[in-house]
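Reader: Could you take me closely through one part of this model, the strands and how they pair?

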Amino acid sequence: MSGMLIVKRYARALFESARESGNLESVKADIEFLEQLLESAPEIRAYCLKSHRDLQKEQEFVKTAFIPYVSSLTGRMLALMGENGRLGGIPFLAEAFAMEEAEASETRLLEIEAPRELSSRELQDIEEKMRKRTGGEILSRMVINPSLLGGIRLTWENRTLDLSLKGRIQALKTKLR
């Protein structure tokens, strides 16, 4: 089972609990902190993703690395993930939480991959076209992926639209075979 599938249940429970208790802004800040922490400390992310046999160590790691820096609601959820041996889901928590938030607000989460940083005008054009295509608001996230060579790749709601040069070359290779 992939990390994203594992963490979706935790993200949904955390989102609903935060919304019901009126702590949504606090939990959002926690999620943002966790995302920044994992981005700035790749060794923590790597530790979360590696296979563990000792649940006691996982629980201690969560208590040390995360719980002192987040609210009690987020801390309880992270502790539960440690107790259940789901440490590998923590690096995917921010994305899963954003998906829950977008689903609740009927906003679509759109990941835009490009080989370079796109201008604000290019981003606006893409978002507008996707708004028309999906019929909802768009919350976009830019990802730089130099391997695409040119063009863009869009991902939303488990769908991918590959308009990249790399994708077109691969499609041409497939047709030629």
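Author: Two strands are taken to pair if DSSP finds at least two bridges between them, and strands (E, at least two residues) are DSSP runs numbered from the N terminus, as are helices (H or I, at least four residues). The model is predicted, so that local features need pLDDT of at least 70 and side-chain atom pairs count only at pLDDT 80 or more, while totals for chains, interfaces and linings use all residues. Residues are numbered from 1 along each chain as its sequence is written, and side-chain values use heavy atoms, with hydrogens and water left out.

Strand β3, residues 153-156, is joined to β1, residues 107-114, by three bridges, and β1 and β3 run antiparallel; within this pairing, Glu 111 has Thr 155 of β3 as its bridge partner. Strand β3 is also joined to β4, residues 159-162, by four bridges, again in an antiparallel arrangement, and here Trp 156 stands opposite Arg 159 of β4. Two residues lie between the strands in the hairpin of β3 and β4, where Glu 157 takes a positive phi near 40 degrees. In a regular strand, side chains alternate between the two faces of the sheet.

Both β1 and β3 are among the elements that give two or more residues to the lining of the largest pocket, as are β2 (137-144) and the helices α1 (3-21), α2 (24-40) and α6 (93-105). Helix α6 gives the most to this lining, with 10 residues.
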